[in-house]
Amino acid sequence: MLGLKLYLIRHGETDWNKEFKIQGSSDIELNEYGRELAFITREGLRHIPFDIAYTSPLKRAKETAEIILGGRNIPLYEDKRVQEACFGSFEGATLKELRERQDPFLKFFDAPEEFKKIEGCETHEEVIARSSDFFNDMILPNEKKYQHIAVFSHGAWIHSLLTYIYQREIKEYWHAPRQENCGVTTIEIEDGVCHVLKESEIFYNKDGE
């Protein structure tokens, strides 16, 4: 058997994404464009014979999973460890208003190494601990059991797992490329060694949004 391929898939667009609102653990649904992106991505991944899939319990990730996996008879499991970072009291605020008041929360994005826990937010280290626990518990032990695993999650979460896999410092948490809506990051795992094959591959024309 060849090595395992892991597909990290970010959810489709929501109205909060479109309005540049801090989303985090808020349970926001996909908008129509987000559903359209999921159907396009479903077509782009039609040739991948997924064995099993995991999803964040949040609606936007779960619906993305249900659209992309539609018609396939494979198990889809919810796992809270795959949920997006919690941004506490900042959820629902726009980036514009946060920048206007130069809120220290913005260090989460602009200077991760300087970010301090504030008003109920998870730190980068806490999100990495959660994603790595999931990875070491549900992915690595199944390397010989499955060949294709899909995980439907969120932008900050996917960056957290990549930070762990690449063994990057926190200051490189947002290392390019940015994880786009319905972006697919593909990782090959062989004998416990990870090789990132593609990051945030998209199957739609972003210029035509």
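Mentor: We will take the sheet, then some loops, then the pocket.

Trainee: What should I know about the model before we start?
Mentor: The model is predicted, with local features needing pLDDT of at least 70 and side-chain atom pairs counting only at pLDDT 80 or more, while totals for chains, interfaces and linings use all residues. Residues are numbered from 1 along each chain as its sequence is written, and side-chain values use heavy atoms, with hydrogens and water left out.

Trainee: How many strands form the sheet, and in what order?
Mentor: There are 6 strands in an open sheet, ordered E3-E2-E4-E1-E5-E6, with mixed pairing. Strands here are DSSP runs of E of at least two residues, helices are runs of H or I of at least four, and both are numbered from the N terminus. Two strands pair if DSSP finds at least two bridges between them.

Trainee: Which strands are at the edges?
Mentor: Strand E3 (76-78) and strand E6 (193-201), each of which pairs on one side only.

Trainee: What does E4 pair with on the E1 side?
Mentor: Strand E1 (residues 4-10) pairs with strand E4 (residues 148-153) in the parallel sense over 6 bridges. Leucine 6 is opposite isoleucine 149 in E4, and isoleucine 9 has phenylalanine 152 as its bridge partner there.

Trainee: And how many bridges join E2 to E4?
Mentor: Strand E2 (residues 52-55) and E4 share 4 bridges, in the parallel sense. Alanine 53 faces alanine 150 of E4 across that pairing.

Trainee: Is E4 covered or open? How many of its residues are buried?
Mentor: It is mostly covered, with 6 of its 6 residues buried. Buried means under 20% relative accessible area, exposed means over 50%, and partly exposed is in between, using a 1.4 Å probe and protein chains only.

Trainee: Which way do the E4 side chains point?
Mentor: His148, Ala150 and Phe152 go one way and Ile149, Val151 and Ser153 the other, all of them buried. In a regular strand, side chains alternate between the two faces of the sheet.

Trainee: Switching to loops. Where is threonine 14?
Mentor: Threonine 14 is in the loop between E1 and H1. Threonine 14 counts as buried because its relative accessibility is 0%. A polar atom of its side chain lies 3.3 Å from the backbone nitrogen of tryptophan 16.

Trainee: Where is there a cis peptide bond?
Mentor: From alanine 176 to proline 177, with omega near 5 degrees. Proline 177 is in the loop between H7 and strand E5 (184-190).

Trainee: What about phi of cysteine 182?
Mentor: Phi of cysteine 182 is near 60 degrees, a positive value in a residue other than glycine. Cysteine 182 also belongs to the loop between H7 and E5.

Trainee: Why does cysteine 182 count as buried?
Mentor: Because its relative accessibility is 0%.

Trainee: And glutamate 119, buried or exposed?
Mentor: Exposed, because its relative accessibility is 51%. Glutamate 119 is in the loop between H5 and helix H6 (124-139), and its phi is positive too, near 45 degrees.

Trainee: Last topic: how many residues line the largest pocket?
Mentor: The lining has 34 residues, and Arg10, Asn17, Leu95, Phe109 and Arg178 lie nearest the pocket's centre. Helices that each supply at least two lining residues include helix H2 (32-44) and helix H7 (155-166).

Key: On a 1 Å grid over the protein atoms alone, a cavity is a set of points where a 1.4 Å probe fits but cannot get out, and a pocket is an open set with protein on both sides within 12 Å along at least five of seven lines; lining residues have an atom within 4 Å of a point. A polar contact is a pair of N or O atoms within 3.5 Å; within protein, one must be able to donate a hydrogen and the other to accept it, and residues adjacent in sequence count only if both atoms are side-chain atoms.
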